[in-house]
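Have the fold open in a viewer before you read on.

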Amino acid sequence: MPEPSWAERTLAVRYAGCVAYPEATDLQTDLVERRRSGQITDTLLLLEHPHVITLGSSGHDRHVLLTRSELAAREVAVHEAGRGGDVTYHGPGQLVGYPILDLKPDRKDLHLYLRCLEEVLLRVLGSFHLSGSRDDSATGVWVGGAKVAAIGIRVSSGWITSHGFALNANTDLTYFDAIVPCGLSGRPVTSLSRLLDRNVTAQEAAPMVVDAMRAVFGYGFVDDSGAANSK
């Protein structure tokens, strides 16, 4: 049976709280298989991670600037990630979005999908009256030359997406000193809290992300009542 149009689809939203990176990876794997088999609709998983550095498919150890023992002393885990991109940091105060979407039939284009995720984040910035921008040389979203959101995706067989984006809300930006973020040397990072000079939590930004996902992808319906561990 062909996929319904995006306007006929429901985007299910699951708020998971703070989830360790390996557990979130396992959850995504389960959701991807259930989406592929048609057991669930498109799903946006929203969460935060404890301190963790992840290495994407193009990641280099040289972009991790501290030793494993130094990272352990700061309670920062390190994991390889089954996504594109280089090295990034996740931690409390950062809103992480993992869209589990079926891109069939008319969005089977990785470049288009990345641009759509950027547009989602640009609209979130606009909701905070901030003017964000793209960078033709690097995926992500920027404000005044500083990166406020990173994107790293995976698309598996059947055109089902996983992994996604990370938006710095009230993230402790000092943890980015442990890496070369996304392999981009000399490029600063920022957060909503720093840009707005007030505390902006991930919880405050989450509804704006949901609204932007619905608008950019054209969903007719959103169900944000689900819990991450519901079956």
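What follows is a tour of this predicted model.

**Rings that pair up**

Let's start with the aromatics. The structure holds six aromatic pairs. One of them is Tyr89 with Tyr175, a stacked pair at 5.4 Å centre to centre and with 10° between the planes. Tyr89 belongs to strand β5 (residues 87-90), while Tyr175 is in the loop between β10 (160-168) and α4 (192-196), so this pair ties together parts that lie 86 residues apart in sequence. Tyr89 is buried, at 1% relative accessible area, and Tyr175 counts as buried too, at 14%.

Then look at Phe217 and Tyr219: with ring centres 6.3 Å apart and planes at 40°, the pair is tilted. Both Phe217 and Tyr219 are buried. Ring pairs also link these two with Trp6 and Tyr113 into a cluster.

Two arginines sit over tryptophan rings. The charged end of Arg107 is over the ring of Trp6, 4.7 Å from its centre. Likewise, Arg187 lies over the face of Trp142, at 4.2 Å from the ring centre.

**The packing**

Which residues touch the most other members of the largest nonpolar core? They are Met213 and Phe217, in a core of 39 residues. Several elements each supply at least two residues of this core: β1 (10-18), β2 (43-48), α3 (110-127), β8 (138-143), β9 (146-156), β10 and α5 (202-217). Leaving out residues up to four places away in sequence, Phe217 touches Trp6, Leu101, Arg107, Tyr113, Cys116, Leu117 and Val120. Another core, of 16 residues, lies apart from the largest one and has Leu31, Ala81, Val96 and Ile100 among its members. In soluble globular proteins, nonpolar side chains tend to be buried together.

**Around Tyr98**

Tyr98 is in strand β6 (residues 94-100) and counts as buried, at 3% relative accessibility. Setting aside neighbours within four places in sequence, the contacts of Tyr98 include Tyr21, Leu44, His49, His163 and Gly164. With His49 there is a side-chain polar contact of 2.8 Å. As for Gly164, its C-alpha atom is 4.7 Å from that of Tyr98, although the two are 66 residues apart along the chain.

One more thing to find: a cis peptide bond joins Lys104 and Pro105, with omega about 0°. Pro105 is in the loop between β6 and α3.

**Cysteines**

No disulfides turn up: the count is zero. Here are two cysteines and how accessible they are.

| Residue | Relative accessible area | State |
|---|---|---|
| Cys18 | 54% | exposed |
| Cys116 | 9% | buried |

Cys116 shows up above as well, among the residues that Phe217 touches.

How values were computed:
Residues are numbered from 1 along each chain as its sequence is written. This is a predicted model: local features need pLDDT of at least 70, side-chain atom pairs count only at pLDDT 80 or more; totals for chains, interfaces and linings use all residues. Side-chain values use heavy atoms; hydrogens and water are left out. A disulfide is a pair of cysteine sulfur atoms within 2.5 Å. Buried means under 20% relative accessible area, exposed over 50%, partly exposed in between (1.4 Å probe, protein chains only). Rings of Phe, Tyr and Trp (its six-membered ring) pair if their centres lie within 6.5 Å; planes under 30 degrees apart count as stacked, over 60 as edge-to-face and the rest as tilted. Helices (H or I, at least four residues) and strands (E, at least two) are DSSP runs, numbered from the N terminus. A charge sits over a ring if NZ of Lys or CZ of Arg is within 6 Å of the ring centre and within 35 degrees of the ring normal. Contact means heavy atoms within 4.5 Å. A polar contact is a pair of N or O atoms within 3.5 Å; within protein, one must be able to donate a hydrogen and the other to accept it, and residues adjacent in sequence count only if both atoms are side-chain atoms. A nonpolar core is a set of buried Ala, Val, Leu, Ile, Met, Phe, Trp, Tyr and Cys residues joined through side-chain atoms within 4.5 Å.
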